[in-house]
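This report walks through selected local features of one protein model. Have the sequence and the coordinates open while reading.

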Amino acid sequence: MPRLFRFETLDRFKTMTGFKRLALILAMIPLGAQAMELDDWETIEGEARGQTVYWNAWGGDTRTNAYITWAAKRLAEEQDIELVHVKLNDTASAVSRVLAEKSAGNDAEGSIDLIWINGENFAAMKENALLFGPFTQALPNFALTNPEAHPEIREDFTVPVEGLEAPWGKAQLTFYYDSARVNEPPRNMLELLSWTKAHRGRFTYPLIPDFTGSSFLKQALLALAEDTGPLYQPVEDADFAAVTAPLWDYLDALHPDLWRRGRHFPASGPELRRLMGDGELSLAFTFNPSAPAAAVANFELPLSTRSYVLEGGTLGNVHFLAIPFNAGHKAGALVTANFLLSPEAQARKQDLQVWGDPSVLDMTTLDSAQREAFRDDHENPAALDPQALATTLAEPHPSWMERLEQAWQARYGNR
């Protein structure tokens, strides 16, 4: 997901003492938020009825958009909520809007009620007190995630969540290939370099700063760096040039053998998938481990598609839902977030025929009927073995994303 939001205009805020900063934050919290009784769910549902919830969410994939349309229909039927999908190309634009509203003194009638978010954008909103909450403990369905047993939903790119965003789905970098063209796919980053040289033009990655492309940079850096410890601290505390030197050496060697010789890159993960479907590429990757199987089920990829993860694990994270501090319809946003965590909504989201986005629910918290909804009896040769996702590499500190993207643009952006 999307680029880092910059918040230089709040430098004065950062220079305040802790007490003054807290006082300013409290002064900025709208009265409606302070008065909302988060432990009275029945009242929240009552307030939500008749509200229109403006949900800012990435709109770059047809399956995701269709799922959100389904959720809107169910919320209208069950909760009398009108859900409006505000489609984004870059989540940073939503963060910018909330900041602009805060700067203009709009503390209670914000235009955004809910944001699909994670990583550097969440870190920026938390750092700048742009979030409502903590609220996740108030959601009746949040307990179904069993947060005590799953640390990945308590941190977002190393930043503690602290109840300021609700988990929604999981992601992990997953490679896929056409077995009709590839007998033995590369199993690590060095083999990928050799494979690409031997199969010129059959692999590439999305243009930076598309989040799938940026995730590829992080995956490569985690595999190539001599010491990954600095990646989990703010980038300002590290010797950026020294830590990233192996990555640039690797990309310098890789680019001449990429699709279109690395002079042109696909715009996004969905375009990468289209190139695979068209037969222009033989090997690609996605940040949704179910996406290759879902694409086969939807006849976007051939039946000969297979998926796998690299040796030693691949980059993974959880994506979340957050409510801006000045959301005009907080009750509706809370009810929407709770619905999206329901077994019904999570099972449908995980269905390969619908989207294929992995659930954040802990199956041990569900009864037998609820678990049955997640059962998939369809045989799909492109489906990834669940055991393959056992080793997940944690996301670096969010500050690395922006620096990596800037360095990539400076090095390759004008070619």
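In which strand does Leu283 lie? Leu283 belongs to strand β8, residues 283-286. The model is predicted, so local features need pLDDT of at least 70, side-chain atom pairs count only at pLDDT 80 or more, and totals for chains, interfaces and linings use all residues. Residues are numbered from 1 along each chain as its sequence is written, and side-chain values use heavy atoms, with hydrogens and water left out. Helices (H or I, at least four residues) and strands (E, at least two) are DSSP runs, numbered from the N terminus.

Leu283 is buried, with a relative accessible area of 0%. Buried means under 20% relative accessible area, exposed over 50%, and partly exposed in between, with a 1.4 Å probe and protein chains only. Contact means heavy atoms within 4.5 Å. Leaving out residues up to four places away in sequence, Leu283 touches Phe175, Tyr176, Tyr177, Pro186, Leu192, Trp195, Arg202, Phe203, Met276 and Tyr308. Thr364 is 81 residues from Leu283 in sequence, and their C-alpha atoms are 36 Å apart in space.

## Helix pairs

Two packed helices are described by the angle between their axes and the distance between the axes. Here axes are lines fitted to C-alpha atoms, for helices over the stretch in contact, and angles run from 0 to 180 degrees between N-to-C directions.

Leu192, one of the contacts of Leu283, also takes part in the packing of α8 on α10. Helix α8 covers residues 189-198 and helix α10 covers residues 240-254. Their axes come within 10 Å and cross at roughly 20°. The two helices are therefore roughly parallel to each other. Angles under 35 degrees count as roughly parallel, over 145 as roughly antiparallel, 65 to 115 as roughly perpendicular and the rest as oblique. The crossing of α8 and α10 is left-handed, meaning that the near helix is turned anticlockwise from the far one by less than a right angle. From α8, Met189, Leu192, Leu193, Thr196 and Lys197 meet Tyr250, Ala253 and Leu254 of α10. By class, this contact has six nonpolar, one polar and one charged residues. Ala, Val, Leu, Ile, Met, Phe, Trp, Tyr, Cys and Pro count as nonpolar, Asp, Glu, Lys and Arg as charged, and the others, Gly among them, as polar.

Helix α9 (residues 211-224) packs on helix α16 (residues 399-412) at an angle of about 100°, with the axes 10 Å apart. This pair is therefore roughly perpendicular. Ser214, Leu217, Lys218 and Leu221 of α9 meet Met401, Leu404, Glu405 and Trp408 of α16. The contact of α9 with α16 has five nonpolar, one polar and two charged residues.

How many of the eight residues of α7 (residues 120-127) are buried? Six are, so α7 is largely enclosed by the rest of the structure. They are Glu120, Asn121, Phe122, Ala123, Ala124 and Met125.

In helix α14 (residues 343-350), the buried residues are Pro343, Ala345, Gln346, Ala347 and Lys349. They pack against α5, β6 (166-172), α13 (330-340) and α15 (368-372).

## Asp61

Asp61 sits in the loop between β1 (52-58) and α5 (62-79). At 7% relative accessibility, Asp61 is buried. Its side chain reaches the backbone nitrogen of Arg63 at 3.1 Å. The side chain of Asp61 also makes a polar contact with the side chain of Arg273, at 3.0 Å. A polar contact is a pair of N or O atoms within 3.5 Å; within protein, one must be able to donate a hydrogen and the other to accept it, and residues adjacent in sequence count only if both atoms are side-chain atoms. Apart from neighbours within four places in sequence, Asp61 is in contact with Pro270 and Arg273.

## Backbone exceptions

Most residues other than glycine have a negative phi, and most peptide bonds are trans. The table lists exceptions.

| Site | Backbone value |
|---|---|
| Ala129 | positive phi, about 55° |
| Asn146 | positive phi, near 50° |
| Gly133 to Pro134 | cis, omega near 10° |
| Ile208 to Pro209 | cis, omega about 20° |

Ala129 follows α7 and is buried, with a relative accessible area of 18%. Asn146 counts as partly exposed at 23%. The loop between α7 and β4 holds Ala129, Pro134 and Asn146. Pro209 lies in the loop between α8 and α9.
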